[in-house]
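Please examine the structure below together with its sequence. A set of questions and answers then follows.

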Amino acid sequence: MRMTSLRGEALFEVEEYRVRRVSEQDIPLLRNLGERCREHIELHYGSPPDPEHLIRELLTDLPPGKVLADKFGMGLFDRSGRLVGGIDIIRDYPEPREWYLGLFVLDPKSRNHGLGAKLLVALEHWLRGEGAAYLRLAASEHNEAGRRFWTRHGFETVRQVIAEFGNKQSLFHVMRRALEG
Ligand SMILES: CC(C)(COP(=O)(O)OP(=O)(O)OC[C@H]1O[C@@H](n2cnc3c(N)ncnc32)[C@H](O)[C@@H]1OP(=O)(O)O)[C@@H](O)C(=O)NCCC(=O)NCCS
């Protein structure tokens with residue numbers, strides 16, 4: 001079911017989970033998720049892992065030329081209101097109708113039983129409703145499981161770039177897929 005996109009209300013649902021935009025009011029929940037996802041933060045930003053990165057990725061980080069109105073920092077909440085995942089997506093970047101997925105992360109306890117796959121299907125459905133035609137992301141060379149996930153879901157590497165986050169420099173596979181339907 002498609003729902004309104006006002007801040008605080010559900011953008012879409014995945015089984016018993018609700019996805020809504022996060023705000024500064026969610027900072028304690030975001031920090032807690034960041035603590036649980038330290039290994040993922042370390043993989044991108046180096047050591048020691050700083051959970052605050054996850055807060056910035058979901059609330060403030062923007063690529064060049066974009067404004068906060070283009071940014072959808074979303075949280076995946078279970079029925080009890082626990083935050084079990086985060087998605088950050090930028091509208092029309094780098095091209096019109098191509099949206100950029102900057103973060104797609106689940107609590108480690110919620111991985112490896114298909115939730116990510118269902119979340120991606122629901123996200124893509126929502127994106128098509130918003131007028132997106134392509135989804136783009138960058139997966140680190142250090143994240144083999146992540147690249148397997150995207151490849152399994154039809155994403156193809158279009159180029160490779162070297163980028164530095166925190167104190168870590170990595171090669172990233174820029175991956176992209178047309179949104180069907
Ligand atoms: C990437 C991520 C979002 C995927 O979500 P997920 O729920 O773990 O994804 P899935 O469960 O669909 O697939 C993950 C693995 O579980 C396996 N799996 C899925 N359902 C399963 C089941 N019922 N029983 C056993 N294994 C299962 C998949 O085959 C896959 O195996 P693989 O790693 O050997 O390829 C999640 O692992 C995550 O948050 N990782 C850290 C952040 C990250 O790397 N994000 C991507 C950045 S580019």
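The questions below concern a predicted model.

Q: Is E35 buried or exposed?
A: E35 is found in helix α1, which covers residues 27-36. Because E35 has 12 other C-beta atoms within 10 Å, its class is exposed.

Q: What is the class of N143: buried, partly exposed or exposed?
A: N143 lies in the loop between β6 (134-140) and α5. A residue is buried with 20 or more other C-beta atoms within 10 Å, exposed with 12 or fewer, and partly exposed in between. N143 has 17 such atoms within 10 Å, and therefore N143 is partly exposed.

Q: How far apart in space are N143 and Y45, C-alpha to C-alpha?
A: Along the sequence, N143 and Y45 are 98 residues apart. In space, the distance from C-alpha to C-alpha is 13 Å.

Q: Which element supplies the largest share of the shell around the ligand?
A: There are 17 residues around the ligand, and R111, G114, G116, A117 and G146 come nearest. At least two residues of the shell come from each of β5 (98-106), α4 (115-129) and α5 (144-152). The largest share, four residues, is supplied by α5.

Q: How many residues of the shell around the ligand are charged?
A: Sorted by class, the shell has eight nonpolar residues and seven polar ones. The number of charged residues in the shell is two.

Q: Which residue in β8 stands opposite A139?
A: Strand β8 spans residues 168-178 and pairs with β6 in the antiparallel sense over seven bridges. Within β8, the residue opposite A139 is H173.

Q: Over how many bridges do β7 and β8 pair?
A: Strand β7 comprises residues 156-165, and its pairing with β8 is antiparallel. The number of bridges between β7 and β8 is nine.

Q: Which residue takes a positive phi in the hairpin of β7 and β8?
A: This hairpin has two residues between the strands. A positive phi near 55 degrees is taken there by G166.

Notes: Residues are numbered from 1 along each chain as its sequence is written. This is a predicted model: local features need pLDDT of at least 70, side-chain atom pairs count only at pLDDT 80 or more; totals for chains, interfaces and linings use all residues. A residue is near a molecule or strand if its C-beta atom, placed from the backbone, lies within 6 Å of it. Ala, Val, Leu, Ile, Met, Phe, Trp, Tyr, Cys and Pro count as nonpolar, Asp, Glu, Lys and Arg as charged, and the others, Gly among them, as polar. Two strands pair if DSSP finds at least two bridges between them.
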